[in-house]
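Here's a quick briefing to read alongside the model. Have a look at the fold, then go through the notes below.

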Amino acid sequence: MRLIFSLLFALSLPAFAQHDHHASPPAAAAKAAPLTEGTVKKVDKTASEVVIQHGQLDSIGMPPMTMSFGVTDKSWLNKLKAGDKIRFAAEMKAGNAIVSRYELAK
Ligand SMILES: [Cu+2]
């Protein structure tokens, strides 16, 4: 019984976090966000997504992981390729993580 209660309590926390997220300032803040290191793992032009192994992304509250992102500009899908090392900024748009800008890392 106690375990279930703890679980329910833990599950209720993200709801508060999300509420806070809605109140956070939009575009201007995201543009100023520091760039995060990432490695392109896959470019999916059909889905307009790019899979990136990324470092800590404070702008969207994510620890390092490999995941797919949408892109702000679809032409980026033709420029990026698997293996590219990039530095990028991410933001949440309509519930999806998207790359808001990037540059190739040297
Ligand atoms: Cu992630």
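This is a predicted model: local features need pLDDT of at least 70, side-chain atom pairs count only at pLDDT 80 or more; totals for chains, interfaces and linings use all residues.

Residue numbers start from 1 along each chain as its sequence is written.

**Two loop residues with positive phi**
- S48 isn't a glycine, yet its phi is positive at about 55°.
- You'll find S48 in the loop between β1 (36–44) and β2 (49–54); strands here are DSSP runs (E, at least two residues), numbered from the N terminus.
- A94 is another non-glycine with a positive phi, near 50°, and it sits in the loop between β4 and β5.
- A94 counts as exposed, with 6 C-beta neighbours inside 10 Å.

**The barrel**
- Five strands close into a barrel in the order β1-β2-β3-β5-β4, with mixed pairing; two strands pair if DSSP finds at least two bridges between them.
- On average, neighbouring strands of this sheet are turned by 55° against each other, direction ignored; the axes are lines fitted to C-alpha atoms, and angles run from 0 to 180 degrees between N-to-C directions.

**Strand pairs**
- β4 (residues 85–93) and β5 (residues 96–104) run antiparallel and are joined by eight bridges; A90 has V99 in β5 as its bridge partner.
- β2 and β3 also run antiparallel, with five bridges between them, and V50 stands opposite F69 in β3.
- β3 and β5 run parallel and share two bridges; G70 has I98 in β5 as its bridge partner.

**The core**
- The largest nonpolar core has 15 residues, and V40, V50, F69, F88, A90 and V99 have the most contacts inside it; such a core is a set of buried Ala, Val, Leu, Ile, Met, Phe, Trp, Tyr and Cys residues joined through C-beta atoms within 7 Å.
- Setting aside neighbours within four places in sequence, V99 is in contact with V50, F69, V71, T72, F88 and A90; contact means that the C-beta atoms, placed from the backbone, lie within 7 Å.

Notes:
Helices (H or I, at least four residues) and strands (E, at least two) are DSSP runs, numbered from the N terminus. A residue is buried if 20 or more other C-beta atoms lie within 10 Å of its own, exposed if 12 or fewer, and partly exposed in between; C-beta atoms are placed from the backbone. Two residues are in contact if their C-beta atoms, placed from the backbone, lie within 7 Å.
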